[in-house]
Amino acid sequence: MLTAQQIERFRTDGYLLVEDVIPPERYLDPVIAEYEGVLDSLANELCAGGEIDSTYADLPFDKRVTRIYAETGRAHAQYFDFSLPFSNVTEQTPFWAGQAVLDALTAEPILDVAESLIGPELYSNPVQHVRIKPPERYLPKANGKAVLAATEWHQDHGVVTPEADETDMLTIWFSLTDTPVEMGCLKVVPGSHRNGLLQHCLHYSGPGTRTIPEKLFEAEKTIPLPTRRGDLICFHKQTVHGSLANVSEQVRWSFDLRYNPIGQHTGRELFPGFIARSRKAPHLELRDAGQWRANWLRTRSRMATINQGDQTDVPFGRWTEGHPDCA
Ligand SMILES: O=C(O)CCC(=O)C(=O)O
Ligand SMILES: [Fe+2]
């Protein structure tokens with residue numbers, strides 16, 4: 001559990017770095033091992049389809065994923081993610097909901113931190129991603145920018161629908177390896193959570209981007225948040241943050257998770273969350289990845305029937321173009 005002083009710092013600054021709290025051998029190494037298998041499947045599929053010359057089975061994860069993204073000229077981020085796109089999903093859209101990932105989402109030390117900040121009845125909010133970011137210099141480009149580049153300035157409140165405006169959503173971010181500044185660690189504006197939800201501008205920093213313009217917050221207060229393996233970072237939902245570019249030679253690999261008190265709206269209604277911890281009804285806690293995966297498969301089937309082409313049947317975002325702050 002967090003100390004009273006840590007909780008106070010979170011309330012004041014809108015974020016908290018908790019060092020050395022996730023035992024790496026217990027939670028992170030199994031995720032790495034699981035993803036080695038996922039990458040192997042991807043390599044085999046791409047090789048069978050003639051998109052790459054070799055499966056590069058002799059390369060370590062880092063080099064293998066970088067090589068495959070570069071050679072195919074695209075990022076295969078969806079293949080690894082434990083979530084789905086918001087549109088144009090098909091019955092073939094890949095995702096990964098494995099046991100080691102679920103074990104990390106429900107890791108006791110992580111839930112203890114979440115409980116310290118938002119109470120003991122914890123729902124795993126489906127706004128969650130794995131981010132595997134190869135060195136930017138080797139990444140394919142789209143519109144002159146590396147795909148999987150640095151994360152634009154945003155608040156996590158800005159990525160959910162208005163139904164979740166009253167939800168006490170907590171973000172927990174951690175990396176699978178050390179993430180020093182040059183690997184593209186997170187950046188944060190301390191205290192920025194006290195000014196409410198800020199305008200996010202679509203296509204502001206290039207096509208497809210969603211950014212809070214720097215004129216809307218105190219960007220000069222920005223600090224980088226380098227982490228060691230085993231650390232985690234908490235964000236209040238209105239804390240302005242982003243990430244730096246990965247200018248290193250290594251892959252930057254992180255999980256970002258969200259939790260909210262059970263019963264509150266997740267802001268992503270079609271995606272499946274689950275009860276991560278309940279002192280009142282512990283038998284409802286989800287621990288079986290087979291069940292978790294089944295929930296996502298059902299969601300995928302549903303998503304394959306809506307939000308196709310340019311049509312929006314169910315919105316996932318809240319921002320529209322044309323706000324004066326975005327000019
Ligand atoms: O890892 C990143 O680049 C961004 C993470 C993020 O925005 C978050 O954890 O909410
Ligand atoms: Fe975020």
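**Exercise 1.** Find which residue stands opposite S124 in strand β13.

*Solution.* Start with the labels: strands (E, at least two residues) are DSSP runs, numbered from the N terminus. In β13, F274 stands opposite S124. Next, look at the strands themselves: β2 and β13 (residues 274-277) pair in the antiparallel sense over three bridges, where pairing requires that DSSP finds at least two bridges between two strands.

The model is predicted, so local features need pLDDT of at least 70 and side-chain atom pairs pLDDT 80 or more, while totals for chains, interfaces and linings use all residues. Residues are numbered from 1 along each chain as its sequence is written, and chains are lettered from A and ligands numbered from 1 in the order in which they are written.

**Exercise 2.** Determine how many bridges join β2 to β12, and which residue is the partner of Y123.

*Solution.* β2 and β12 (residues 252-261) pair in the antiparallel sense over nine bridges. Within β12, N260 is the bridge partner of Y123.

**Exercise 3.** State how many residues of β2 are buried.

*Solution.* A residue is buried if 20 or more other C-beta atoms, placed from the backbone, lie within 10 Å of its own. In β2 (residues 122-133), ten of twelve residues are buried. For the protein chain of 327 residues, the buried share is 35%.

**Exercise 4.** List the residues that surround ligand 1.

*Solution.* A residue counts if its C-beta atom, placed from the backbone, lies within 6 Å. The shell holds R131, T151, D156, T171, W173, H241, S243, S254 and D256. Two or more of these residues come from each of β5 (170-175), β11 (241-243) and β12.

Definitions and conventions
Helices (H or I, at least four residues) and strands (E, at least two) are DSSP runs, numbered from the N terminus.
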